[in-house]
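Thanks for coming. I will show one structure and talk through what its side chains do.

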Amino acid sequence: LYFVAAAVLGTWMGLSKGYDLPLPASFHRVLFAHIHLASAGWAGMMILAVLSRLFPQAHLRQPLQARLRFAGFNIGLIGLTAGLLSGGEWYPIFGSLLAVACIWYAAAFVPVLWEFQQASDRSTAFLISSWACLAVVALIGLWLAIVSSFDVQLQFVYGFLYMFGWLSLMILGMLYRIIPTHISKLLTARGVTATAGMRRAFIKPDVQVAVLVCLLAGLAVSSFAILSQNVALFRFGWGLWLTGILGFLAALFFLGSELRDILKSRSAA
């Protein structure tokens, strides 16, 4: 539903630029509503749904709090976008509610992730770091909603940490968990039973730590550079972040090579 709403609003914005179609509010407010529908509504709720399937303990242990978090998230998001689109000045109240719900989600999931961490896999560190980024984003959102909604540099940091912090770290952490499992199922279906080596080919704790350090350092340096408007420093931080992504892709490429060799030898046999 949020995806459809974001797509419709994005189409409306495109038509307004191309054919002077009137918008319900100023372009900046409509853009902010569109971004939150897509990022918090579609991407955010999708990730929360997946995490709730993989780690349901955060909801099962405290069902009432889980319902309140879910209600607070959605009421806050709908109220925020409605206020932005209607031109009302009461939207910061709902933006604050959304931010509190995000912090609450982080506080609920981090202990569960820590409890179910795997000794030979650092993917839990990615997931926990992702939640920490979301909490920081939510705190910045509270500041923007309550104190200064016109701080452009802080708005850039807000979106930067959301996209390249929470979303990226969450996706990488999930891929570290999901890819080896699916490859093991693929090989088992083809009659290959010794699949433990495939997991070790992809899950290398030292490489994972190096990737995570590069990503977090890149985020920190780039965010500071945005606030200080230092282009050279931002490029350095962005380079660190990209180095972390290249480290992940290198491990993925190595895993693909191992998988190709195994399937080739299986076909030859």
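Searching the whole structure turns up 17 aromatic pairs. Rings of Phe, Tyr and Trp (its six-membered ring) pair if their centres lie within 6.5 Å; planes under 30 degrees apart are called stacked, over 60 edge-to-face, and the rest tilted. One of the pairs is tryptophan 131 with tryptophan 166: the ring centres are 5.9 Å apart and the planes are at 55°, so this pair is tilted. Tryptophan 131 sits in helix α6 and tryptophan 166 in helix α7, so the pair ties together parts 35 residues apart in sequence. Helices here are DSSP runs (H or I, at least four residues), numbered from the N terminus.

Before going on, a word on the source. This is a predicted model, in which local features need pLDDT of at least 70 and side-chain atom pairs count only at pLDDT 80 or more, while totals for chains, interfaces and linings use all residues. Residues are numbered from 1 along each chain as its sequence is written, and side-chain values use heavy atoms, with hydrogens and water left out.

Are tryptophan 131 and tryptophan 166 buried or exposed? Both are buried, where buried means under 20% relative accessible area, exposed over 50%, and partly exposed in between (1.4 Å probe, protein chains only). In another pair, phenylalanine 164 and tryptophan 241, the centres are 5.1 Å apart and the planes at 80°, so that pair is edge-to-face. This pair links distant parts of the chain, with phenylalanine 164 in helix α7 and tryptophan 241 in helix α10, 77 residues apart. Phenylalanine 164 is partly exposed, at 26% relative accessible area, whereas tryptophan 241 is buried, at 8%. There is also an aromatic cluster, formed by Phe73, Tyr105, Phe109, Trp131, Tyr162 and Trp166.

Some of these names return in the core. A nonpolar core is a set of buried Ala, Val, Leu, Ile, Met, Phe, Trp, Tyr and Cys residues joined through side-chain atoms within 4.5 Å. The largest one has 73 residues, of which Leu51, Phe73, Trp131 and Trp166 touch the most other members. Helix α7 gives the most to this core, with 16 residues. Leucine 51, leaving aside neighbours within four places in sequence, is in contact (heavy atoms within 4.5 Å) with Pro56, Phe109, Leu113, Trp131, Met170 and Met174.

Next, alanine 6, which is in helix α1. Alanine 6 is buried, at 5% relative accessibility. Not counting residues up to four places away in sequence, alanine 6 touches His34, Leu37 and Ala38.

Now the charges. How many salt bridges are there? The count is two, a salt bridge being a side-chain nitrogen of Lys or Arg within 4 Å of a carboxyl oxygen of Asp or Glu. One joins arginine 29 and glutamate 89, at 3.2 Å from N to O. Arginine 29 lies in helix α2 and glutamate 89 in the loop between α4 and α5, so the pair ties together parts 60 residues apart in sequence. Arginine 29 is buried, at 13%, while glutamate 89 is exposed, at 59%. Arginine 61 and glutamate 115 also meet in a salt bridge, at 3.0 Å from N to O. Here arginine 61 is partly exposed, at 47%, and glutamate 115 is partly exposed too, at 46%.

That is the tour; questions are welcome.

Note on methods. Helices (H or I, at least four residues) and strands (E, at least two) are DSSP runs, numbered from the N terminus.
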